[in-house]
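The following dialogue takes a student through the reading of a structure. Please look at the sequence and the model before going on.

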Amino acid sequence: AWYQRRVRAEMQARWMAELVCGAVSLPTSTEMMNAINLERAWERSWYYNSKRLTLQKIPILYNDQIGQEIGCKPDLWRHPRLIWNLLFSVSAFQWRLNGPNAWEGAAVQCGKMKPVPFYHYSMIVLLSLLLLSLLSILRCFYQLIF
C-alpha cells in the first residue's frame, strides 16, 4: 500500500507540473462537478458505505486516468514485449515509457517487473473464459455447417 501511495503522489505531482507549465488545463467547474458526482456514485456502488472509508481509488486505474490526461498512459501496442508485465504488475516505471519526461530505461525496468501472484489467478480465469467462449463459437459454427 505504501508503494502505491508514492506512485500516486508522483503521478499527481507530474499532473500539477503539466498544469503549471500550461500543457494541460483544468476542466470547467461544471465538468469537475459532473466528474465528482460520477466518481462518488461509482464509489457508493463499489465500496462498503462507511464514515471511515471516505475516498477509495483503484491505484492502477487512477494512475492511468492521470496518465491519460498528461499523455503518459502506457500504450500496450507500442511496447508489445511488455504487455504481460504491464497488465499483471504495477510499477512507477510503466508511466515513464512515453509522454512528458519519458525515461529511456523504463522499458528495461518494466521488463524486470514480476507479475503480482494474485494476477496469475485472474489470468487463468480470463484464459478459461476465453477458451469457453471460443468453444461455444466453434460449436455454433459447427451446427450452422452441419
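Predicted model: local features only at pLDDT ≥ 70, side-chain atom pairs only at ≥ 80, totals over all residues.

Q: How much space lies in the largest pocket?

A: On a 1 Å grid over the protein atoms alone, a pocket is an open set of points where a 1.4 Å probe fits, with protein on both sides within 12 Å along at least five of seven lines; lining residues have an atom within 4 Å of a point. A volume is the space filled by probe spheres set on the points. Here the largest pocket holds about 760 Å³. Its lining has 21 residues, and Ala-35, Ile-36, Tyr-62, Gln-65 and Glu-69 lie nearest the centre.

Q: Which helix gives the most to this lining?

A: Helices are DSSP runs (H or I, at least four residues), numbered from the N terminus. H1 (2-21), H2 (29-46) and H3 (59-70) each supply at least two lining residues, and H2 gives the most, with 7.

Q: How many disulfides are there, and why?

A: A disulfide is a pair of cysteine sulfur atoms within 2.5 Å. By this rule the count is 0.

Q: Is Cys-72 buried or exposed?

A: Buried means under 20% relative accessible area, exposed over 50%, and partly exposed in between (1.4 Å probe, protein chains only). Cys-72 is buried, at 0%, whereas Cys-21 is exposed, at 68%.

Q: Where is His-79 found, and which residues does His-79 touch?

A: His-79 is in the loop between H3 and helix H4 (83-88), and is buried, with a relative accessible area of 14%. Contact means heavy atoms within 4.5 Å. Not counting residues up to four places away in sequence, His-79 touches Leu-97 and Asn-98.

Q: How far apart are Ile-124 and Asn-98?

A: They are 26 residues apart in sequence and 30 Å apart in space, C-alpha to C-alpha. Ile-124 belongs to helix H6 (residues 117-145) and is exposed, at 53% relative accessible area.

Technical notes
Residues numbered from 1 in each chain as written. Heavy atoms only, no water.
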